[in-house]
Amino acid sequence: TSTMAKSKFEYVKNFECDENLLPNCWIVVRVDGKSFHKFTTKHSFKKPNDSQALWLMNKAASVVMDEFKDILLSYGQSDEYSFVLRKDSMLYNRRKTKIMTYINSLFSSAYVFFWNEYFPDVKLKYPPSFDSRVVLYPSDENLRDYLSWRQADCHINNLYNTVFWALVQKGHLTNTEAEQRLCGTFSSDKNEILFTEFNTNYNNEPLMYRKGTILIRKKIKSPKSGKNKIIILPLHEDLIQDQFWKKNFEILEI
Ligand code: ATP
Ligand code: ATP
Ligand code: MG
Ligand code: MG
Ligand code: MG
């Protein structure tokens with residue numbers, strides 16, 4: 001700190017070079033679980049979707065949003081969460097590593113901190129970890145396309161996983177057989193297998209599984225005190241069409 005006397009070693013500080021994020025761009029930080037294929041197996045997650053695990057991800061993301069008010073919206077699916085910061089954010093002077101590492105470590109520690117609340121009967125076998133990256137998007141269209149890309153990814157993976165696990169759990173195929181069965185199939189084929197062989201209409205699967213989770217801040221009037229307060233609201237909606245952005249236009253309007 002500034003009050004500390006400088007030592008002859010002080011010069012090594014000059015070797016540090018932290019990148020500042022380009023002004024006037026949307027800042028996206030995405031965290032993703034490390035080897036969650038293994039983590040979910042070791043902790044007996046329900047396949048294809050463990051809803052408690054998804055709510056734990058949503059909880060960890062809410063903790064991050066509570067701490068960093070410059071996050072306008074977050075989007076999560078599977079073992080990943082994306083955080084969108086205001087384009088005019090001056091958080092840590094837009095220092096890239098500060099922003100990325102604080103968000104990543106708070107997310108990771110909140111995930112572990114709240115583990116027991118969501119999995120009271122499952123002991124953590126080892127500490128999970130998450131990678132993270134920062135991406136800048138210069139236009140609203142780029143930002144929307146980024147979120148659409150993540151939601152399309154959610155859809156593609158979830159459709160695949162839903163059929164795959166139906167073939168394994170209900171069709172009694174081995175993992176390898178199920179994989180072979182799905183090799184080269186289109187979305188329409190997968191929907192067809194679910195419908196004809198497992199009496200499942202994919203469109204009736206829970207929205208959180210199909211669309212992921214959007215977290216936004218909403219002002220609500222407390223029914224008790226009548227005072228306005230801001231809450232973090234989870235939504236499981238389509239982000240790709242215009243409707244969400246028309247309804248929530250204020251998110252991009254800064
Ligand atoms: P920044 O967010 O910029 O890092 P900071 O308050 O964490 O701010 P540091 O320079 O990292 O500032 O200093 C760490 C602070 O924590 C110091 O005040 C230090 O005395 C205190 N601290 C760290 N470890 C211990 C410890 N084991 N016992 C007592 N105090 C500690
Ligand atoms: P990497 O370290 O490269 O990210 P990974 O094994 O985490 O490797 P991902 O592509 O991130 O690979 O995939 C995440 C894995 O975790 C997938 O296998 C997915 O099915 C599983 N998974 C994530 N969330 C859940 C959940 N809520 N329920 C069941 N399985 C989940
Ligand atoms: Mg410190
Ligand atoms: Mg992962
Ligand atoms: Mg992932």
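How many bridges join strand β2 to strand β3, and do they run parallel or antiparallel?

1. On that pairing: this is a predicted model, and in it β2 (residues 71-77) and β3 (residues 80-85) run antiparallel, joined by six bridges. Ser74 has Phe83 of β3 as its bridge partner.

2. On the sheet as a whole: β2 and β3 belong to an open sheet of six strands, ordered β4-β1-β3-β2-β5-β6, with antiparallel pairing. The edges are formed by β4 (130-137) and β6 (228-235); each has a single partner strand, so one side of each is left without a neighbour in the sheet. On average, neighbouring strands are turned by 25° against each other, with direction ignored.

3. On the helices against the sheet: helix α3 (residues 96-113) packs on the sheet and touches β1 (26-33), β3 and β4. The direction of α3 makes about 140° with that of β4. Helix α5 (residues 140-169) also packs on the sheet, where its contacts are with β1, β2, β3 and β4. The direction of α5 makes about 20° with that of β2.

4. On the surroundings of ligand 2: the ligand is surrounded by 16 residues, of which Phe36, His37, Phe45, Asp50 and Ala53 are the closest. Two or more residues of this shell come from each of β1, α1 (36-42) and α2 (51-67). The most come from α1, which gives three residues.

5. On the make-up of that shell: by class, the residues around ligand 2 are seven polar, five charged and four nonpolar.

How values were computed: Residues numbered from 1 in each chain as written. Chains lettered and ligands numbered in written order. Predicted model: local features only at pLDDT ≥ 70, side-chain atom pairs only at ≥ 80, totals over all residues. Pairing = 2+ DSSP bridges. Helix = DSSP H or I, 4+ residues; strand = E, 2+ residues; numbered from the N terminus. Axes fitted to C-alpha atoms, helices over the stretch in contact; angles between N-to-C directions. Contact = placed C-beta atoms within 7 Å. Near = placed C-beta within 6 Å. Nonpolar A, V, L, I, M, F, W, Y, C, P; charged D, E, K, R; others polar.
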